[in-house]
Amino acid sequence: MIETVIAQDFHFTSPLDNRIDRKTYFERCSPISQNMAAVDFTRVVFIGDNVFVTYETRMNDGKCLRNTEIFTVRDSKVMDVEVYFGWSIPRACR
């Protein structure tokens, strides 16, 4: 389903990925989602073509993480995503 909203000229940037293309994104990042047990969105802010999302993820191993992503959307397609991650949450997940 997510492939239908990701633009063909999509790019993804994170501390580990420097503006990778759509194909590389699906090869590298999609398998990670299989390790996620739950996602709780704590902030979603729309500013023009950008959507800022902060979320907490409970992994299958019980570890909790917090990430923020900035999506650029045009013509109902996600064109670009920047991810900021690395927060381990020192409390129980929600």
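Which residue in E6 does Thr13 stand opposite? Thr13 faces Glu82 there.

The model is predicted, so local features need pLDDT of at least 70, side-chain atom pairs count only at pLDDT 80 or more, and totals for chains, interfaces and linings use all residues. Residues are numbered from 1 along each chain as its sequence is written, and side-chain values use heavy atoms, with hydrogens and water left out.

Strands (E, at least two residues) and helices (H or I, at least four) are DSSP runs numbered from the N terminus. Two strands count as paired if DSSP finds at least two bridges between them.

| Strand pair | Sense | Bridges |
|---|---|---|
| E1 and E6 | parallel | four bridges |
| E1 and E2 | antiparallel | three bridges |

E2 covers residues 17-21. With two residues between them, E1 and E2 make a hairpin, and His11 has Asp21 in E2 as its bridge partner.

The largest pocket has a volume of about 940 Å³. A pocket is an open set of points on a 1 Å grid over the protein atoms alone where a 1.4 Å probe fits, with protein on both sides within 12 Å along at least five of seven lines; lining residues have an atom within 4 Å of a point. The volume is the space filled by probe spheres set on the points.

The lining has 37 residues, and Phe12, Tyr25, Met36, Tyr55 and Glu69 are the closest to the pocket centre. Elements giving two or more residues to this lining include strand E1 (6-14) and helix H1 (22-29). E6 gives the most, with eight residues. By class, the lining holds 25 nonpolar, eight polar and four charged residues; Ala, Val, Leu, Ile, Met, Phe, Trp, Tyr, Cys and Pro count as nonpolar, Asp, Glu, Lys and Arg as charged, and the others, Gly among them, as polar.
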